[in-house]
Amino acid sequence: MKHYILFLLLASAFWCCSNDEDVVPSNNDRNMFDMPDFSSEEEMKVRRDFYDATSCYLIFNDSLYYRNITTPSGSDPECVILDLKYQVTGTSEDALLRYTYLKDMKDKELAAKFAKEKILPRLAPAFYPYTFFMVDQFYISKASAWSSGYDPEVEQSAYAGYNASLVAYNHFYDMDEAAQYAYSRSVIAILMTKNYTQVKDSEYNDFYQYSQEQYGIYPDYEDTPLEVGFLETFRYDWVRSFYNKKYDLLAYVMEVFALTKEEFDEKYDKELYPLVHQKKEALVKIFERLGVKVY
């Protein structure tokens with residue numbers, strides 16, 4: 001009898017939850033990257049047309065929207081600000097970011113065109129940013145390795161964050177053709193250095209195979225790791241080691257997108273370092289197979 005009563009109680013509870021309780025998440029129709037709080041109707045059209053064409057959100061301001069915060073003293077509006085350095089796990093990068101907004105509507109339209117026609121066609125959807133934050137110019141100052149302060153700020157073309165990637169338009173269409181190509185590559189290099197992990201690690205097996213036996217073993221040479229196929233990007237880093245599998249791949253990703261094919265050949269002698277070129281070519285083929293246009 002007790003078991004029967006317990007069964008009825010459980011069934012009743014289940015029926016009440018399934019019929020009466022609203023289990024739909026609140027504010028499910030509010031997307032912080034598609035809010036009109038800081039955009040004119042004209043700007044919202046550009047932003048939504050961009051999303052319809054690319055499935056990526058587009059913003060021109062780091063003030064996303066207002067929300068009401070209820071406290072014992074009452075309800076007050078709070079502005080939600082984009083945190084570019086936000087990380088799901090771990091700590092955020094210790095750096096100072098400074099950028100200037102695009103103010104002219106024509107520049108905003110051209111910035112959207114730049115992202116849509118010059119950046120995304122070179123990437124596969126797996127590497128698309130969730131949101132493009134298009135600005136005029138962008139500067140970054142990283143924490144100094146030798147003091148408690150920060151290094152002098154440097155102008156950069158982009159910053160890849162978890163929930164949004166900042167891209168500086170920098171009057172792209174006023175540049176000549178060579179400068180446009182170099183600038184768009186610099187943006188792609190930054191995005192790919194952040195997003196290359198969006199595919200399964202096994203996708204890079206054709207790259208890993210060349211150094212599989214050397215990973216995790218400190219090499220017994222003094223001159224250069226290039227001789228056995230490791231780049232020197234992280235050679236002098238006290239935390240990360242160039243002979244680590246993870247940072248071997250990252251070093252090549254950084255170099256492949258930072259340099260043109262001709263620049264890579266000039267920097268790394270094919271006859272002296274054939275393994276470097278075999279690994280580079282394997283990585284380029286992997287990215288091309290994934291739908292990324294490297295060169």
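I started with the largest cavity, which has a volume of about 80 Å³. I was working on a predicted model, where local features need pLDDT of at least 70, side-chain atom pairs count only at pLDDT 80 or more, and totals for chains, interfaces and linings use all residues. Residues are numbered from 1 along each chain as its sequence is written, and side-chain values use heavy atoms, with hydrogens and water left out.

I noted the terms. A cavity is a set of points, on a 1 Å grid over the protein atoms alone, where a 1.4 Å probe fits but cannot get out; lining residues have an atom within 4 Å of a point. Volume is the space filled by probe spheres set on the points, which are joined across faces, edges and corners.

How many cavities of 30 Å³ or more are there? I found 1 in a search of the whole structure.

Next I listed the lining of the largest cavity: Met-32, Met-35, Phe-38, Ser-39, Glu-43, Arg-47, Ile-59, Phe-60, Asn-61, Ser-63 and Leu-64. The elements that give two or more residues to this lining are α2 and β2 (63-71). Helices (H or I, at least four residues) and strands (E, at least two) are DSSP runs, numbered from the N terminus. By class, I counted 6 nonpolar, 3 polar and 2 charged residues in the lining.

Then I checked backbone angles. Ser-55 is not a glycine, yet its phi is positive, near 65°. I placed Ser-55 in the loop between α2 (41-54) and β1 (57-59). Asn-170, also not a glycine, has a positive phi of about 55°. Its loop runs between β9 (165-168) and α4 (177-195).

How values were computed: On a 1 Å grid over the protein atoms alone, a cavity is a set of points where a 1.4 Å probe fits but cannot get out, and a pocket is an open set with protein on both sides within 12 Å along at least five of seven lines; lining residues have an atom within 4 Å of a point. Ala, Val, Leu, Ile, Met, Phe, Trp, Tyr, Cys and Pro count as nonpolar, Asp, Glu, Lys and Arg as charged, and the others, Gly among them, as polar.
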